Structures are given as C-alpha cells and as structure tokens.
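User: Please go through this model with me in questions and answers.

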Protein chains: 2
Amino acid sequence: MTEQKATNVHWHEGEVTRADRGKLLGQQGATIWFTGLSGSGKSTVAVALEKVLHAQGRLAYRLDGDNVRMGINKNLGFSAEDRAENIRRIGEVAKLFVDAGVIVLSSFVSPYRADRDLVRKLHEESGMAFIEVYVDVPLEEAEKRDPKGLYKKARAGQIKNFTGIDDPYEAPAQPEIVLPSHEMSLEAEVEALLKLLAERGIVAA
Amino acid sequence: MTEQKATNVHWHEGEVTRADRGKLLGQQGATIWFTGLSGSGKSTVAVALEKVLHAQGRLAYRLDGDNVRMGINKNLGFSAEDRAENIRRIGEVAKLFVDAGVIVLSSFVSPYRADRDLVRKLHEESGMAFIEVYVDVPLEEAEKRDPKGLYKKARAGQIKNFTGIDDPYEAPAQPEIVLPSHEMSLEAEVEALLKLLAERGIVAA
C-alpha cells in the first residue's frame with residue numbers, strides 16, 4: 001500500500017477553485033432559470049438549448065421535475081411551505097453545479113416571485129450568474145396545448161391549487177429575457193439564449 | 001426577436017444523455033464517498049485527489065460540510081432523523097452530479113452504515129458507480145490530531161452526540177478501499193485511489 005509510484009501526481013498550492021474548473025471547461029457556470037406556466041414550453045426550450053450547448057462542447061445539465069421531485073425533493077408535497085422549500089433546494093443544488101462550472105438549465109413552473117428572488121439572491125451574493133427566463137404564453141395557449149392533460153384535470157377539480165387555474169402565477173418583474181414561445185420559433189428562442197449567454201461571458205461568443 | 005440566424009444551431013434526435021456527457025468530458029461520473037471519524041483525513045485526501053484529477057483535465061467536485069451544511073442542508077440539525085436526511089440529500093445531490101458526468105468527492109463522517117448503504121443503493125439502482133472509501137484511523141489518532149478542536153469540546157461535554165465519543169461510528173462492512181491515513185503517505189493514498197478509478201473505468205488508465 002505504501003509503494004510510491006507518484007509519476008502522475010502533480011501537487012500545487014491551494015485548492016481547486018471555481019475559476020479553475022471554469023478554465024478547464026472553457027465556460028462559466030451559470031443558472032438559466034426557466035419559469036412559466038405548465039405547458040408554456042420551458043422544458044422544450046431547455047432541452048433544445050442543452051442539445052446545442054452540448055454540440056458546441058459545453059457542459060450543461062438540466063434540473064427538472066423528473067430528476068428532482070423523484071430524488072432530493074421526494075419528501076416534499078405541494079403545500080405553500082413545501083413549494084418554497086422545493087424551490088430553495090433546487091436553487092441550492094443549482095448553486096453547487098454553478099460552483100462546479102456547469103451551465104444549469106432549470107425548468108420548473110416556480111410560480112412565486114419571492115421563491116425565485118431568493119434563488120437569485122443565493123446566486124448573486126456568491127458572485128454567480130443567474131439568468132431568469134420568462135417563458136411567457138397566455139394561459140389560454142398553455143391550456144390549449146395541455147401536453148400532460150393537467151389543465152383538464154385541474155378544470156375538473158381533480159387537481160387542486162393548480163397554477164393558472166386556482167393558484168396564481170406571479171410573472172417576473174425583471175427577467176433577463178422573455179420568450180413568448182407562441183410567437184417565436186424554437187430556433188429563435190435558442191438563438192436568443194445563446195446570444196445572451198455570450199453577452200454575459202458564460203460561453204465564448 | 002424572431003430574426004433567424006441559426007448558423008451554429010445543430011439539431012439531433014433525442015435528449016443529451018449521461019453517456020453523451022461522459023464522452024464530452026472523457027470520464028464517467030462517479031461518487032467517491034469518503035467516510036471516517038472526524039480528523040481521520042477524509043478532506044485532506046479528497047482535496048489532494050481533486051487537485052490531481054484537475055491537473056489531469058478531469059472534472060471533479062467536492063461535497064463537504066462547507067458547501068452542503070450551509071446550503072441545501074442548512075435547515076437540518078443533528079437529531080438521528082436529521083442526520084439521516086442530511087446523508088440522503090447529499091446522496092441525491094451526488095447522483096445528479098454523477099448524471100452530469102462529474103466525479104464527486106464527498107467527505108462527511110457519515111457514521112451510520114444504513115445511511116451510507118442507502119446512498120449506495122440510490123446509485124447502483126441507477127447504474128452509477130459508488131466507491132466507498134473508508135479512511136480508517138484509530139480514535140486515539142484522530143483525537144490526537146483534533147484539527148478543529150472538536151474532540152476536546154466533546155470530552156468537555158460542550159458537544160453532545162459526537163461520533164467516536166458518545167455516538168457510534170459504524171465502520172463499512174465492504175468498502176471499495178480502506179485508507180489507513182496514519183500509516184500511508186498522502187501521495188500513496190492518492191495513487192491508490194487513482195488506480196481504483198482507472199480499474200473501474202471512471203477515468204482512463
């Protein structure tokens with residue numbers, strides 16, 4: 001066990017920093033926070049952006065209901081308190097990814113302004129980029145799409161406290177970008193986001 | 001907003017997968033879970049391994065008390081229930097990082113076998129590598145080092161339920177590797193870990 005074969009061990013001073021990881025990856029970690037009604041197209045644009053970033057050699061990672069609600073937040077329900085804790089934990093996980101150098105694509109309805117503002121604050125007080133993307137479609141449009149059949153259930157009273165039906169959606173006051181997905185092509189949405197990431201120095205132009 | 005300049009947008013089928021990210025990074029995501037008494041040297045070897053991996057162009061990220069207890073787990077205390085939830089959340093965060101392609105270096109005392117075994121199960125049932133590293137030093141040695149002065153406080157009764165003093169440490173039954181840090185040089189510990197990561201296909205040999 002104590003045999004020394006330290007041929008590829010390179011010591012240097014200090015710990016590996018966020019900046020070191022960013023240099024390794026050729027990008028800056030950042031959280032791209034998609035917010036909007038269910039059915040607004042948050043995940044669609046996040047998936048499309050992820051593909052393009054990956055094709056460009058960037059490391060991006062999506063946080064969404066599939067990998068969060070079934071994992072770290074599986075012990076949370078939908079009370080006001082649990083919804084706030086849901087978003088807080090997602091914000092803290094996103095921060096860890098940003099610290100690791102990753103571009104986080106977070107897509108959750110996240111209907112309450114105070115919850116989103118807390119996540120922004122968590123990032124900004126640590127010098128981390130937080131890009132709030134408001135995927136803004138009229139309720140009628142989202143309800144017409146109803147990709148998961150949730151509006152239908154909410155209208156039938158089978159789901160209570162559903163955002164847009166019997167629970168409010170609080171639109172961002174100052175999002176970094178607004179994507180009216182019913183009036184833009186997916187390609188145009190992705191282009192607009194890439195332009196913003198380049199402007200913010202998250203990826204090279 | 002709708003102007004089309006899709007010069008660098010490349011569409012392809014399907015979503016970006018864990019395997020795709022691994023290919024991009026030239027490594028396989030994995031959780032290296034360091035467990036052992038306070039003062040055993042978990043963080044020291046994690047920091048050293050991180051440096052070497054970074055110098056080799058690998059993306060590694062450390063989870064430890066500094067970035068977890070102050071963040072995602074700041075609403076947890078030290079009751080048995082909260083300790084279990086602490087480790088569960090860390091395990092779920094680690095899984096997300098592994099899915100992103102990152103080599104996670106997790107260093108927490110994590111004294112209870114059931115908690116660690118749950119994290120292993122969470123990984124293995126998702127086809128993710130979980131490497132349990134038992135940093136094994138005698139209590140007397142850890143207490144002699146006492147880098148944070150915690151044993152002194154525990155002996156004085158100023159800290160209750162301190163692992164090794166008035167709370168048990170349950171050693172791993174089948175860890176992937178044991179590092180007796182009082183009998184090995186730091187270089188030898190790092191070499192042993194690098195060898196294991198290569199054997200498991202997490203990094204290229």
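**A buried loop residue and the sheets**

User: In which loop is the place of A:Ile72?

Analyst: This is a predicted model, in which local features need pLDDT of at least 70, side-chain atom pairs count only at pLDDT 80 or more, and totals for chains, interfaces and linings use all residues. Residues are numbered from 1 along each chain as its sequence is written, chains are lettered from A and ligands numbered from 1 in the order in which they are written, and side-chain values use heavy atoms, with hydrogens and water left out. Helices (H or I, at least four residues) and strands (E, at least two) are DSSP runs numbered from the N terminus. A:Ile72 has its place in the loop between helix H3 (65-68) and H4 of chain A.

User: Is A:Ile72 buried or exposed?

Analyst: Buried means under 20% relative accessible area, exposed over 50%, and partly exposed in between, with a 1.4 Å probe and protein chains only. The relative accessible area of A:Ile72 is 2%, so A:Ile72 is buried.

User: Which residues of chain B is A:Ile72 in contact with, leaving aside its neighbours within four places in sequence?

Analyst: Contact means heavy atoms within 4.5 Å. In chain A, the residues in contact with A:Ile72 on this basis are A:Arg89 and A:Val93. A:Arg89 lies 17 residues apart from A:Ile72 along the chain, with 8.1 Å between their C-alpha atoms. In chain B, the contacts of A:Ile72 are B:Ile72, B:Arg88, B:Arg89, B:Glu92 and B:Val93.

User: What are the edge strands of the open sheet in chain A?

Analyst: Two strands pair if DSSP finds at least two bridges between them. The open sheet has 5 strands in the order E2-E3-E1-E4-E5 (chain A), with parallel pairing. Pairing on one side only marks the edge strands, E2 (60-64) and E5 (177-179) of chain A.

User: At about what angle to E5(A) does helix H8 of chain A run?

Analyst: Axes are lines fitted to C-alpha atoms, for helices over the stretch in contact, and angles run from 0 to 180 degrees between N-to-C directions. Helix H8 (residues 186-199) of chain A lies across E1, E4 and E5 of chain A. Its angle to E5(A) is about 170°.

User: Why is strand E4 of chain B largely enclosed by the rest of the structure, and how many of its residues are buried?

Analyst: Strand E1 (residues 30-35) of chain B pairs with E4(B) in the parallel sense over 6 bridges, and E4(B) pairs with E5 (residues 177-179) of chain B over 3 bridges. E4(B) is largely enclosed because its buried residues number 6 of the 7.
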